[in-house]
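Biologist: Hey, I've not looked at this one before. Could you put it up and walk me through it?
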Amino acid sequence: MSQQEGAKVFREAWIAGVREHLPGDPKPGYVTPWEGTPEWERQAAGAVYEQVQQFLTLSDGNATRLTREQKGRFVATCWTAQMYKHFENPKPGYVADWPDLPDWQKETDSDIFEAIEKSLL
C-alpha cells in the first residue's frame, strides 16, 4: 500500500472514530474529507500509518496482541512526533500526553491502530 493510501486509511478511521466517540458535534476540521485535508495532515497521517505498519511487521504481527490502550498510546505518540515535525510551537492539545487526552480521542486512536491492522490483512 502506498503512503497516500495508508494516509487515507488513517484519515477514514479518524473520521469514523470522531463520529462514533466524540460527544456532540465535531469541529468541521475533524471530519473534513480527504480532498480537503491540509497537506501537512496528509503527510502526518501517512507517516503514522507507516510507523504502525512497521511496528506490526517488526513484531512479526505480535503487536496485534497489545491491549487496546497500548495500541492507542502508540498512535498518539507517533502523532505527537508528527506535530513537532510540522509545527515549531504546536498547540498544547496537539501534543498532549495520553493521560491528558479526552476519552473520545483515546478511543479514536485505538480505532486507528486497529484499522491499520485490518488494512494489512
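Biologist: Which residues in H1 meet H4?
Modeller: This is a predicted model, to start with. On the H1 side you have Val 9, Phe 10, Ala 13, Trp 14, Gly 17, Val 18, Glu 20 and His 21. Among the residues they meet in H4 are Trp 104, Thr 108, Ile 112, Ala 115 and Ser 119.
Biologist: And what's that contact made of, by class?
Modeller: Between H1 and H4 there are 9 nonpolar, 5 polar and 4 charged residues.
Biologist: At what angle do the axes of H1 and H4 cross?
Modeller: Roughly 140 degrees, and the axes come within 8 Å. Anything over 145 would count as roughly antiparallel, so H1 and H4 are oblique to each other. The crossing of H1 past H4 is right-handed.
Biologist: OK, on to the core. Which residues touch the most other members of the largest nonpolar core?
Modeller: Phe 10, Val 48, Val 52, Val 75 and Ile 112, out of 26 residues in that core. Helices H1, H2, H3 and H4 each give two or more residues to this core, and H1 gives the most, with 7.
Biologist: What is Phe 10 in contact with, leaving aside its neighbours in sequence?
Modeller: Beyond four places in sequence, Phe 10 contacts Ala 45, Val 48, Val 75, Trp 79 and Ile 112.
Biologist: Switching topic: where is Asp 60 found?
Modeller: Asp 60 sits in the loop between H2 and H3. Its phi is near 55 degrees, a positive value in a residue other than glycine. Most residues other than glycine have a negative phi.
Biologist: Is Asp 60 buried or exposed?
Modeller: Exposed, with a relative accessible area of 69%.

Definitions and conventions
Residues numbered from 1 in each chain as written. Predicted model: local features only at pLDDT ≥ 70, side-chain atom pairs only at ≥ 80, totals over all residues. Heavy atoms only, no water. Core = buried A, V, L, I, M, F, W, Y, C linked by side-chain atoms within 4.5 Å. Buried < 20%, exposed > 50% of the residue type's maximum accessible area, 1.4 Å probe, protein only. Helix = DSSP H or I, 4+ residues; strand = E, 2+ residues; numbered from the N terminus. Contact = heavy atoms within 4.5 Å. Axes fitted to C-alpha atoms, helices over the stretch in contact; angles between N-to-C directions. Parallel < 35°, antiparallel > 145°, perpendicular 65-115°, else oblique. Left-handed = near helix turned anticlockwise from the far one by under 90°. Nonpolar A, V, L, I, M, F, W, Y, C, P; charged D, E, K, R; others polar.
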